[in-house]
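Please keep the structure open while reading.

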Amino acid sequence: MAEQSESLQDQAYEMIRERIIFAEYTPGMKLGIKELCENLDLGRTPVRESFLRLQQEDLVETRPQSGTYVSKINMRYAEAARLARECLESEVIVECCAKANEDDIARIDAIIDAQDEALAADDKRRFFEKDNEMHREFYEIAGRPVIWQWLNLTNTHFERFRWLSANTLGVDPETVIGQHRQMRRAIASLDTNYASYLVRDHLQKSRYDGQKIVAAFPEYFES
């Protein structure tokens, strides 16, 4: 019974977390327990308990005698997460160059092909998810999946910002795919310096998009 309860709590947590990251539940939005239970087809207990985990990730905030609200995006947290990922991933991809085999390269190729398909279908959500899958694969190849798991728990504000940016600034998906193809070639050719440079360049774009996004959606960000 305890395992079932924990599983339901996990479901509630994952579903609400995903909807916050992809701005289905927008910053500042009130999250009513009754409405969430109906939308997620879950009971009140797992939904309430999931709020505790979401609060730990600073994705929701509870206001006394008012309710629970989606937290606004904190750009200080987002930039810190971006920098951490840039520093770690530029080293991780160097390890990829030393460890990648033909099967690893084939998986990278499959992800790039899936991104091409998502682009052709104008499926922004799938394109975004495949972008993350591409980078997660680097950590898998390098034997560093724990680092990716850790980043995934600490970069929620960065992910929220990236999704908002992708849907408002018109991030060129062809450019993203082109950068991924360059990374693939650098890994396959064991070009560690170029691979490291490509990752840093790829992740630094958000530094220059930040002010534009905040100016366009000031109500979504902490002041």
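## Helix packing

Helix α6 (residues 124-141) packs against helix α8 (residues 156-168) at an angle of about 135°, and their axes are 11 Å apart. Axes are lines fitted to C-alpha atoms, for helices over the stretch in contact, and angles run from 0 to 180 degrees between N-to-C directions. α6 is therefore oblique to α8; angles under 35 degrees count as roughly parallel, over 145 as roughly antiparallel, 65 to 115 as roughly perpendicular and the rest as oblique. Helices (H or I, at least four residues) and strands (E, at least two) are DSSP runs, numbered from the N terminus.

On the α6 side the contact is made by Lys-124, Arg-125, Phe-128, Asp-131 and Asn-132, and on the α8 side by Glu-159, Arg-162, Trp-163 and Asn-167. Contact means heavy atoms within 4.5 Å.

The model is predicted: local features need pLDDT of at least 70, side-chain atom pairs count only at pLDDT 80 or more, and totals for chains, interfaces and linings use all residues. Residues are numbered from 1 along each chain as its sequence is written, and side-chain values use heavy atoms, with hydrogens and water left out.

## Nonpolar cores

A nonpolar core is a set of buried Ala, Val, Leu, Ile, Met, Phe, Trp, Tyr and Cys residues joined through side-chain atoms within 4.5 Å. The largest has 26 residues, of which Ile-93, Cys-96, Ile-108, Phe-138 and Ile-187 touch the most other members. At least two residues of this core come from each of α4 (75-99), α5 (102-120), α6, α7 (145-154), α9 (173-188) and α10 (192-216). Not counting residues up to four places away in sequence, Ile-93 touches Phe-138, Met-183, Ile-187, Ala-195, Ser-196 and Val-199. Another core, of 17 residues, lies apart from the largest one and includes Ile-33, Leu-36, Leu-40 and Val-60.

## Individual residues

Arg-82 lies in helix α4. Leaving aside neighbours within four places in sequence, Arg-82 is in contact with Phe-158, Leu-203, Gln-204, Ser-206 and Arg-207.

Ala-23 has a positive phi of about 60° although it is not a glycine, and is found in the loop between α1 (2-21) and α2 (33-40). Gln-65, also not a glycine, has a positive phi of about 60° and lies in the loop between β1 (60-63) and β2 (67-70).

The table gives the accessibility of these residues, where buried means under 20% relative accessible area, exposed over 50% and partly exposed in between (1.4 Å probe, protein chains only).

| Residue | Relative accessibility | Class |
|---|---|---|
| Arg-82 | 2% | buried |
| Ala-23 | 29% | partly exposed |
| Gln-65 | 89% | exposed |
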